[in-house]
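Dear colleague,

I am handing over the structure that you asked about, and you will find it directly below. Please look through it first, and then read the notes that come after.

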Amino acid sequence: GDLELSNRMVMAPMTRSRAIDNIPNELMAEYYTQRATAGLIITEGIAPSANGLGYPRIPGLYSDKQIEGWKLVTKAVHDAGGNIFAQLMHTGRASHPDNMEENTEIVAPSAIGLSGEMWTDQNGMQSYPVPKEMTLNDIHQAIEEYKIAAVNAIKAGFDGVEIHGANGYLVDQFINTASNKRSDEYGGSTEKRARFAIEVAKAVSKAIGADKTGIRFSPYGVFNDQEIFDGVEDTFEYLAGEMGKLKLLYIHLVDHSSMGAPEVPLSVKTKMKNAFKGIVIASGGRDAEKAEKAIES
């Protein structure tokens, strides 16, 4: 886009859980500044709303205090010559009330709880509760929250935002059949399950500019109880094409095979790139040999 990167290396987003009261701080500014020599930094997952908080001590972008906290980070990174995008991550069903603020609720496309447990500072490991199935009003509210958080990101000095549509969090929960059993306009067919992702991308890119908006996908990802569903290849080719129509800046394509998930086939990567017709950032599942082959191809 309009950014000139010092190199082609992108720092992957990694949750650090250092935001006390969900507010960015000087320690986080130091952490990101230490990594400002990357061509582009993508931050840890940032909650677009209080309902999007899933893990303890993750930062948000929905309050004035959070915006001010992020200004410390973006100024420090820019002063060090770096570029930084905010990754907007609504965790959906991957959450627990102990990790959330008062008067919030855990929401998801369908009322299906995750297996296993998650850490809470108050009570240690706790089982995942069953989320509330989102109403249409809930869905529209969540889309609006993404948009407002994106605007807040620009206010906070970020160069752009990445929508987290991977890893079994809210956007991916709509895409994947393991977490989406809806029978309305947001569930069932490929187009309907993709609708939430498309509408979030449309709202964000319209608010801050498509040239400042990226999105992350993890086809064949199985984290957070996701599944390899029938039509997965066609689904992500369709999504890539729709993101291309919106002229998003990039797709961040994640391969989780290094964590035990199936490797994303080259055919899927190729179809998505051809459908998107734009920049693709590739992460995960690579050693030096695989990276070299990917560059050559």
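This is a predicted model: local features need pLDDT of at least 70, side-chain atom pairs count only at pLDDT 80 or more; totals for chains, interfaces and linings use all residues.

Residues are numbered from 1 along each chain as its sequence is written, and side-chain values use heavy atoms, with hydrogens and water left out.

Overall fold

The chain holds 8 helices and 11 strands, where helices (H or I, at least four residues) and strands (E, at least two) are DSSP runs numbered from the N terminus. The radius of gyration, taken over C-alpha atoms, is 18 Å, close to the 19 Å that the globule rule gives for 297 residues, so the chain is as compact as a globular protein of that length; the rule itself is 2.2 Å times the number of residues to the power 0.38. Along its principal axes the C-alpha trace spans about 50 × 50 × 35 Å. Of the 297 residues, 55% are buried, a word that here stands for under 20% relative accessible area, with exposed meaning over 50% and partly exposed in between (1.4 Å probe, protein chains only).

Aromatic rings and charges

A pair of aromatic rings is described by the distance of the centres and the angle of the planes. Rings of Phe, Tyr and Trp (its six-membered ring) pair if their centres lie within 6.5 Å, and planes under 30 degrees apart count as stacked, over 60 as edge-to-face and the rest as tilted. By this rule there are 9 aromatic pairs. One of them joins Tyr-31 and Tyr-32, edge-to-face, at 4.9 Å centre to centre and with 75 degrees between the planes; both of these tyrosines are buried. In another pair, the ring centres of Phe-174 and Tyr-186 are 6.2 Å apart and the planes stand at 70 degrees, so this pair is edge-to-face. Phe-174 belongs to helix H4 (residues 170-175) and Tyr-186 to the loop between H4 and helix H5 (190-208), so the pair ties together parts that are 12 residues apart in sequence. Phe-174 and Tyr-186 are both buried. Ring pairs also link Tyr-31, Tyr-32, Trp-70 and Phe-158 into a cluster.

A charge sits over a ring if NZ of Lys or CZ of Arg is within 6 Å of the ring centre and within 35 degrees of the ring normal. Arg-18 lies over the face of Tyr-31, at 5.2 Å from the ring centre, and the charged end of Arg-193 sits over the ring of Phe-229, 5.1 Å from its centre.

Pocket and cavities

On a 1 Å grid over the protein atoms alone, a cavity is a set of points where a 1.4 Å probe fits but cannot get out, and a pocket is an open set with protein on both sides within 12 Å along at least five of seven lines; lining residues have an atom within 4 Å of a point. Grid points are joined across faces, edges and corners, and a volume is the space filled by probe spheres set on the points.

The second largest pocket has a volume of about 210 Å³, and of the 13 residues that line this pocket, Asp-21, Asn-22, Arg-57, Asp-98 and Asn-99 are the closest to its centre. Its lining has 5 nonpolar, 3 polar and 5 charged residues, where Ala, Val, Leu, Ile, Met, Phe, Trp, Tyr, Cys and Pro count as nonpolar, Asp, Glu, Lys and Arg as charged, and the others, Gly among them, as polar.

There are 2 cavities of 30 Å³ or more. The largest cavity holds about 50 Å³ of space, and its lining residues include Asp-172, Asn-176, Tyr-220, Glu-227 and Phe-229.

Single residues

Tyr-220 has a positive phi of about 70 degrees although it is not a glycine. This tyrosine is found in the loop between strand E9 (213-217) and helix H6 (232-245), and is buried, with a relative accessible area of 15%. Asn-103, likewise not a glycine, has a positive phi of about 60 degrees, but Asn-103 counts as exposed at 82% relative accessibility.

With best wishes
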